[in-house]
Amino acid sequence: MNLMTDTKLQQALETSVDDKTDELIKMQGRKVTVHYGYKQALFDIDLDIRENQVTALIGPSGCGKSTFLRCLNRMNDTIAGAKVGGMITLDSENIYDPRIDVVELRARVGMVFQKPNPFPKSIFENVAYGPRIHGLARNKADLQAIVESSLKKAALWNEVKDRIHEPGTGLSGGQQQRLCIARAIAVSPEVILMDEPCSALDPIATAKVEELIDELKQNYTIVIVTHSMQQAARVSQRTAMFHLGYLVEEGPTEKMFTNPDDKRTQDYITGRFG
Amino acid sequence: MPMIYYVILVISIGIVALVIARRRAALQIQGAVKQHSRPHYHGWWAFLLATVPAILLIIVWSIGSSIYVERRIDAQLPQQAADGPIASRSLALSLVGRLADALHRLDAETLANLPSSFEELRPKLAEKGVALAPDTQDYMIPIAVEANRTGDALQMTGGVLALLLSIAGAAYGIRSIQPRARARNNVERVVRWGLLASSMIAILTTIGIVLSMLFETFYFFSSVSPLDFFFGTVWDPRFAAAGATDSVGQFGLIPLLAGTLYIAFIALLVAVPIGLMSAVYMAEYASPHVRSIVKPALELLAGIPTIVYGIFALVTLGPFLRDLSAALTGGSPFIQAQSIFTAGFVMGIMLIPVVSSLSDDIITAVPRALRDGSLGLGATRSETIKRVVLPAALPGIVGAILLTASRAIGETMIVVLAAGVAARLTLNPFEAMTTITVKIVNQLTGDLEFNSPQTLVAFALGITLFAVTLLMNIVALYIVRKYREQYE
Ligand SMILES: Nc1ncnc2c1ncn2[C@@H]1O[C@H](COP(=O)(O)OP(=O)(O)OP(=O)(O)O)[C@@H](O)[C@H]1O
Ligand SMILES: [Mg+2]
């Protein structure tokens, strides 16, 4: 991984912070490139993630949305042959700095995957997993409180409070996904990354998760990958359009959907390609 | 003429039928109607019609006629044979049988003026390289001659019938060739039945083996009570000297079973942790490059014949441990050269690749999504393995361990060489103990009679072993399958 530390980059970083004084930049990508082996999947991505907002990543399949998302909490480290270049910061701190502990980073930047992946454990144990490994609870009551509040924030508590010790895999798909969100919330991250969190869900479950995302943005910064234009329009404040590994454009969702600068964005949003 | 020649003839007829039928079918293609089957299907159908029924007839006829001939011999044996110098009638039967076989080798001239006494006949047979037991009696010669004559006549009849059947089949196959004849479907059907028959062979053989063992076991239980066998704590079968059947020993299974389980336990104690850890390393940590070297190397370990491990234990490890223990105490060794520990340890080494390759499969089958989920929450690799991967793989691993345990219980060569033959009950792992498999080998080697309890006990031991390992395999397969469903 080659870290870019030249002054130009630093300057670019600072100016963009000055740009919008009312919205804090939580994470920032500068000239992010990703190679899988010899194949380059991302080309010089510059993208800001704003605090307490929902940023949607859209674009045709294979354009690198998941790849970029995984860069944000270094999940690409787990893929053999993946190489990340450029710079990504979290609160102005480069997350690819060797001094950064990945474990700590992932506790601050949580992730929810495309397919619900509850552990084959009880609902309680699923949520308690993160707090346990990070030692967030001082005692049993503490842990129970964390689990309960996480499940409540994930809007799942009422449905599962009577069977909290039954296996998490026994829930419905939508419930499982909310369980995974609760699991991510339980380690109190600052940023939550979601990779097509609703693609395995039916419309009702989707609506519930979307509602949840809307509420969560008060306390968390959210980045969501989605293939549904309606979903992007409904839940996000900012949208970034990817195409063939490049960032086409990025801006307020409203503008992106009504008056995009780039023709490719317009075509994609109106369903002319994808 | 032996039956095999008839078989060859039948196949030749079949080949001729194949060629003719194919050509005939090919000629018909010129006709206006579209053929249902391609010509070679007609050829093969004619071949099958010509050969299969005829060969089946030959097989059945051969079995039937040899049974018939044996009955004839039995009927002709004089009554005194039963209480003459030869102990059993079955022995007389087999002597006549062997004599009849031997007579087949003589040329026609010698046969025509056969001497009536065995003393004179013996050198002539010896000339042809046939040695017969001296117990053969004079009265057996005419019986054998008669048996040969009957047998030959029967063979001849059967062979000719088979040839006729073959020709009829060929003719029918060739004559029934028509453009719309469904030769392809017929051939397919035969192929299917043939494949089915092949797969039945393994099953039927297993059933046959189990039944014959059961039969011998019941025979054994007629002289030793099952209670004494299954719950007896003393193994002392005495020697099965011929004729000395009155000295029935004690056949207690418990010391053998205890030894078997003890050694298997030690082996698992070695194999399971090491095998499991190497599986975790290969599945979770090793780079593809390392994996491509380590995995085949481990599997190579599984390819070493167990007798080699046995030799290693007997010649190298056993004496080494004994000398080591002698050096430690400064005199008397507390580890015997043949011991439970030595056998178990070496068997454990042998089982490492079994555990590791089974568990490796199971661990890699745990979906990547679960690992990602855990890593994405900030868990380290080892936390992920300990808290997510291994618990998810646990049922499968338990199944793998059970499969390994049944291997350990059935293992023979290592324990024969390294565990010793002393059947006793001890808890000290540094002493010798013995196993069921060792005793089966012991009871069946050497000069022995096959109807004394001393040898029959081997069948009872064998079926016990079979039952134990079968049970473990069933449970293991059940668990493994159940676990598979979890992810599908
Ligand atoms: N583990 C990997 N190894 C090699 N190449 C990969 C890997 N993951 C992704 N790629 C490649 O990188 C490019 C971007 O993939 P990515 O998964 O980021 O796309 P995406 O935008 O998320 O697509 P989708 O909408 O279908 O999920 C694709 O060309 C893909 O083939
Ligand atoms: Mg994707």
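1. How much area do chain B and chain A bury between them? The two chains bury about 1600 Å², with 64% of it on carbon and sulfur atoms, where buried area is the accessible area (1.4 Å probe) that two parts lose on being put together, summed over both. Of the area that chain B buries against chain A, 37% is supplied by Gly376(B), Leu377(B) and Arg387(B), more than any other three residues.

2. This is a predicted model, in which local features need pLDDT of at least 70 and side-chain atom pairs count only at pLDDT 80 or more, while totals for chains, interfaces and linings use all residues. Residues are numbered from 1 along each chain as its sequence is written, chains are lettered from A in the order in which they are written, and side-chain values use heavy atoms, with hydrogens and water left out.

3. At the interface, 23 residues of chain A are in contact with 19 residues of chain B, contact being heavy atoms within 4.5 Å.

4. As to overall form, chain B has a radius of gyration of 32 Å, whereas a compact globule of 488 residues would have one near 23 Å; the value is taken over C-alpha atoms, and the globule rule is 2.2 Å times the number of residues to the power 0.38. Along the principal axes, the C-alpha atoms of chain B fill a box of roughly 85 × 80 × 40 Å.

5. Within chain B, 41% of the 488 residues count as buried, that is, under 20% relative accessible area (1.4 Å probe, protein chains only).

Technical notes. Buried < 20%, exposed > 50% of the residue type's maximum accessible area, 1.4 Å probe, protein only.
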